[in-house]
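Me: I'd like to talk through this one before I write anything up. Can you put it on screen, and then we start with the terms?

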Amino acid sequence: MTEHHNADSAILGAQGWFEDFRPGQKMRHSRAATVGELEGSGPAKQVMNTAQAHFNDHFLKGSPMGDERLVFGLATASLVYGLASQDTAEHAVAELGWSQLRFRAPVHHGDTISAFTEVQSVTPGDAPDAPGTVVFRHWGRNQNGDVVFQGERSTLMRRRASQSTAL
């Protein structure tokens, strides 16, 4: 076993290797997070998103989207992916892409988001010990159970060291 692999084993979880995922597998991730001011409107300002709904306290009063400012959509996506990461990215080599992002319901400051995952596909690498690709469908729900975000994420995932390479 290489010195690098020993260091990784000491800090990484025992689960979440390529071999641990199978199509159709579903997970409810253990943590939820309440969206605060910083992550809610900060990213919209950083990317110069000029949509008033993200940073004007009075713009949405009386609207069908709710009376409060909206959280920037990519902040919602990042939060859901982040909440799922302990279970789905612990042994990731690379993020290959995000796709099919859908923002299903408004998210406001103070909403609490929970994350869920379903494994869509598992594709082995070219060699027995080569990393493989896992495609996840993630979604987030608010405190009322409403799905607020859904998206797919492709990840290049490490395999467990085989007995022949571990010796």
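Reply: One definition first: buried means under 20% relative accessible area, exposed means over 50%, and partly exposed lies in between. Please keep in mind that this is a predicted model.

Me: OK, so is Glu-118 buried or exposed?

Reply: Glu-118 counts as buried, because its relative accessibility is 17% and the cut-off for buried is under 20%.

Me: And which side chain does Glu-118 meet in a salt bridge?

Reply: That of Arg-137, with an N to O distance of 3.1 Å. The pair links distant parts of the chain, since Arg-137 sits in strand E4 (residues 132–141) and Glu-118 in strand E3, 19 residues apart.

Me: How many salt bridges does the structure hold?

Reply: Four. Another one of them joins Arg-153 and Glu-95, whose side chains meet at 2.8 Å, N to O. Here too distant parts of the chain are linked, with Arg-153 in strand E5 and Glu-95 in strand E2 (residues 92–103), 58 residues apart.

Me: Why does Arg-153 count as buried?

Reply: Because its relative accessibility is 2%, and buried means under 20%.

Me: What about Glu-37, which residue does it form a salt bridge with?

Reply: Glu-37 pairs with Arg-69, and their closest N and O atoms are 2.9 Å apart. Glu-37 belongs to helix H2 (residues 37–46), whereas Arg-69 lies in the loop between H2 and H3, 32 residues away. Glu-37 is partly exposed at 44% relative accessible area, while Arg-69 counts as buried at 13%.

Me: Changing topic: which residues have the most contacts inside the largest nonpolar core?

Reply: That core has 14 residues, and those with the most contacts inside it are Val-35, Val-71, Val-80, Val-107, Ile-113, Val-148 and Phe-149. Helix H3 (73–88), strand E3 (112–123) and strand E5 (147–157) each supply at least two of the core's residues, and the largest share, five residues, comes from H3.

Me: What is Val-107 in contact with, leaving aside neighbours within four places in sequence?

Reply: With Val-35, Arg-69, Leu-70, Val-71, Thr-76, Ile-113 and Val-148. Arg-69 in that list is also the salt-bridge partner of Glu-37.

Me: And which residues does the second core include?

Reply: It is separate and has seven residues, among them Met-27, Val-119, Val-134 and Phe-136. As general background, nonpolar side chains tend to be buried together in soluble globular proteins.

Methods: Residues numbered from 1 in each chain as written. Predicted model: local features only at pLDDT ≥ 70, side-chain atom pairs only at ≥ 80, totals over all residues. Heavy atoms only, no water. Core = buried A, V, L, I, M, F, W, Y, C linked by side-chain atoms within 4.5 Å. Buried < 20%, exposed > 50% of the residue type's maximum accessible area, 1.4 Å probe, protein only. Helix = DSSP H or I, 4+ residues; strand = E, 2+ residues; numbered from the N terminus. Contact = heavy atoms within 4.5 Å.
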